[in-house]
Amino acid sequence: MPMESGSSSAARQTKQKRKSHSLSIRRTNSTDQDRMGLQRDMLEGQSSETLESVSRMEDSKLPLSLRSNLLELFSQIEREFENLYLENIELRREIDTLNERLAAEGHTFDGADLAKGALKTKASHSTSQLSQKLKTTYKASTSKIVSSFKATAARAVCQLVKEYVGHRDGIWDLGITRNQPVVLGTASADHTAMLWSIETGKCLLKYMGHQGSVNSIKFHPNEQMALTASGDQTAHIWRYMVQLPTPQPVADVSQTPCEDDVDFSDKDEADGEVEGPIDCPSIRVATTMLRSHQGVVIAADWLVGGKQVVTASWDRSANLYDVETSELVHSLTGHDQELTHCCTHPTQRLVVTSSRDTTFRLWDFRDPSIHSVNVFQGHTDTVTSAVFTVGDNVVSGSDDRTVKVWDLKNMRSPMATIRTDSAVNRISVSVSQKIIALPHDNRQVRLFDMSGVRLARLPRTNRQGHRRMVCCSTWSEDNSTCNLFTCGFDRQAIGWNINIPSLLQEK
């Protein structure tokens, strides 16, 4: 008899628990209904406010066409926010349900044996993981709508002006001469570097002194000298003399607005053999060879004044050389993995190096007796490049699909963060308009301002634009025909004319 009474009491307790659990579910459902009703009222209130703002616009002095365009944009934004708001409500409800389930499971397994305690821990862990995933989705959807809203801030007009074809392998890097004559330089995996006429697209000179892939090309600030870095573990300095051909009339190509929301064709054209330039003079011997590295030299640049150069290598070090004597002045060590890029400040003795260890380092050579270094850990994957701007900013790009803008005076946290959908390669910043050009692995090139607002995406179809990974971009401040150049692993460089009307009006 005592055994029977004990089992019946246990059964009654189990029934009471089930009833209380069902009551809590009913209360949760009623609470959700009340919440949904309140959210509908909020949406209706937002809609009424929008209608009031639209009615006020009808009394404005704006032209009818501009007013109608604004109304259409406002209605689209309102619909997107409404859909996102409802989606976030549903996500919040699922999060609350999971949290309640977690609490209920914890109550159910109270007093259980060790095996059941382990089961409870596993269930709690999986439930919390799902809850965190829903929260991440919630944040991602919110950032998506904010990014789409930012994209309407400006409108760019982009025109493909000239294609520079002649390399037999992918082009890693390109640069523009800083003095007259203004020419375009390209560095290729076919072991050569070429100089091009910007107006005609004709090859003016070919450098053939390297025994490996040419990974970087930079021009001296005052003299007709080029600095190239190569996979043969050396960097070369070589002099050039070119004569620009007579410019030919450029074909009239209609300007195309940069469409951010249009899906262009992703079909690759057939990769035929590209014939090399005809009657292109060549140089085979360098003026100076820099040989101290024990690995691939991935990048090189001139320090201000042009008397010293810095090189970055896969041997995890950067070297500072004296140009006149070719001697190693300093070896900059500290990175934990291979270096990917180096850049010098245009007016000060500052160097920034990027690495696969997810960091970039700022080296200060302004004081000859002290060579300080600062380490910045703002990315979660390989930092592919970090460049200086004319002001006190550094812009870094990474394989983690972000670009960050930093202030040299306060580099604890970035001023702006740009999130993209593809890895970012060697970026560049326009001196005059302060526009950041982002070359991507997915064959796209996007333009942003320094505050992180997206300005444009360069047009890309199966007839124009890059057909493979875009490796590098550079801006030209002196040439009126092309002010942006890009290169990729489709063996070509492209010259673009970029016009941002809103930025020109601000000037």
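Colleague: How many disulfides does a search of the whole structure find?

Modeller: A disulfide is taken here as a pair of cysteine sulfur atoms within 2.5 Å, and a search of the whole structure finds zero of them. Cys-343, for instance, is in no disulfide, the nearest cysteine sulfur being that of Cys-342, 7.7 Å away. This is a predicted model, in which local features need pLDDT of at least 70 and side-chain atom pairs count only at pLDDT 80 or more, while totals for chains, interfaces and linings use all residues. Residues are numbered from 1 along each chain as its sequence is written, and side-chain values use heavy atoms, with hydrogens and water left out.

Colleague: Is Cys-343 buried or exposed?

Modeller: Buried means under 20% relative accessible area, exposed over 50%, and partly exposed in between, with a 1.4 Å probe and protein chains only. Cys-343 counts as buried at 11% relative accessibility, and Cys-203 is buried as well, with a relative accessible area of 5%.

Colleague: What does UniProt list for residues 74-101?

Modeller: UniProt positions are given in the numbering used here, feature names are shortened, and annotations may be inferred rather than shown by experiment. An unreviewed UniProt entry lists residues 74-101 as "coiled-coil region". In the model, where helices (H or I, at least four residues) and strands (E, at least two) are DSSP runs numbered from the N terminus, the chain over residues 74-101 is 100% helix and 0% strand, and its end C-alpha atoms are 40 Å apart.
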